[in-house]
Structures are given as C-alpha cells and as structure tokens.
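Please read the following points alongside the structure.

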Amino acid sequence: MSAAGWMSVNVDKCFHCGACVGSCPQNAIYLAEVIIEFNDKCNRCARCVHLCPVGAITMEAKK
Ligand code: SF4
Ligand code: SF4
C-alpha cells in the first residue's frame, strides 16, 4: 500500500506513542520502525493532526 503523500510526520517530534494510530477512523496510520506511516485510506479528516500531543503530524493542503 502506498503512503498518503499529503500527510507527513516530523521525525524529531514524534515519540512513537501510538495515540494517532488508534484515533484514525480510516485505519490509515500504522507504527513503523522509527516513526509512523500512512496509507491511502486517509480521507484528510485531520483528526490525527489535532490529536498528536507534540504536533508532529502535518497535512498538506489539497492541490
Ligand atoms: S500521536 Fe504524534 S507522537 Fe504519537 S505516534 Fe502519532 S505522530 Fe508520533
Ligand atoms: S487525517 Fe484522518 S484519515 Fe488521515 S491519517 Fe489522520 S486521522 Fe487518519
């Protein structure tokens, strides 16, 4: 499955807590070895962006 290119995670901020993984209604986030990764089921709801306690997730505006 390919990654959702509009989502990104700041490697320096993310501490791998996993909170975003459980919060995603689309199951589009999963814990990878070092950070998190996204799949294309992401529907841009932005829940994870607001939920992350350290603000590590950002979403690019739709082009
Ligand atoms: S909620 Fe934030 S800190 Fe926790 S795993 Fe997700 S991106 Fe990383
Ligand atoms: S924006 Fe919404 S659908 Fe996309 S990864 Fe975050 S919580 Fe999941």
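1. A residue is near a molecule if its C-beta atom, placed from the backbone, lies within 6 Å of it. Of the 14 residues around ligand 2, those that come nearest are Cys24, Cys42, Cys45, Arg47 and Cys48. For ligand 1 there are 13 residues, of which Cys14, Cys17, Ala19, Cys20 and Cys52 come nearest.

2. The model is predicted: local features need pLDDT of at least 70 and side-chain atom pairs count only at pLDDT 80 or more, while totals for chains, interfaces and linings use all residues. Residues are numbered from 1 along each chain as its sequence is written, and chains are lettered from A and ligands numbered from 1 in the order in which they are written.

3. Ala, Val, Leu, Ile, Met, Phe, Trp, Tyr, Cys and Pro count as nonpolar, Asp, Glu, Lys and Arg as charged, and the others, Gly among them, as polar. The shell around ligand 1 holds eleven nonpolar, two polar and no charged residues; the shell around ligand 2 holds nine nonpolar, three polar and two charged.

4. Which residues does Cys48 touch, beyond those up to four places away in sequence? They are Cys20, Ser23, Cys24, Ile29 and Ile57, where contact requires C-beta atoms, placed from the backbone, within 7 Å.

5. The elements run β-α-β-β-α-β from the N terminus, helices (H or I, at least four residues) and strands (E, at least two) being DSSP runs numbered from that end. The C-alpha trace spans about 30 × 20 × 20 Å along its principal axes.

Note on methods:
Two residues are in contact if their C-beta atoms, placed from the backbone, lie within 7 Å.
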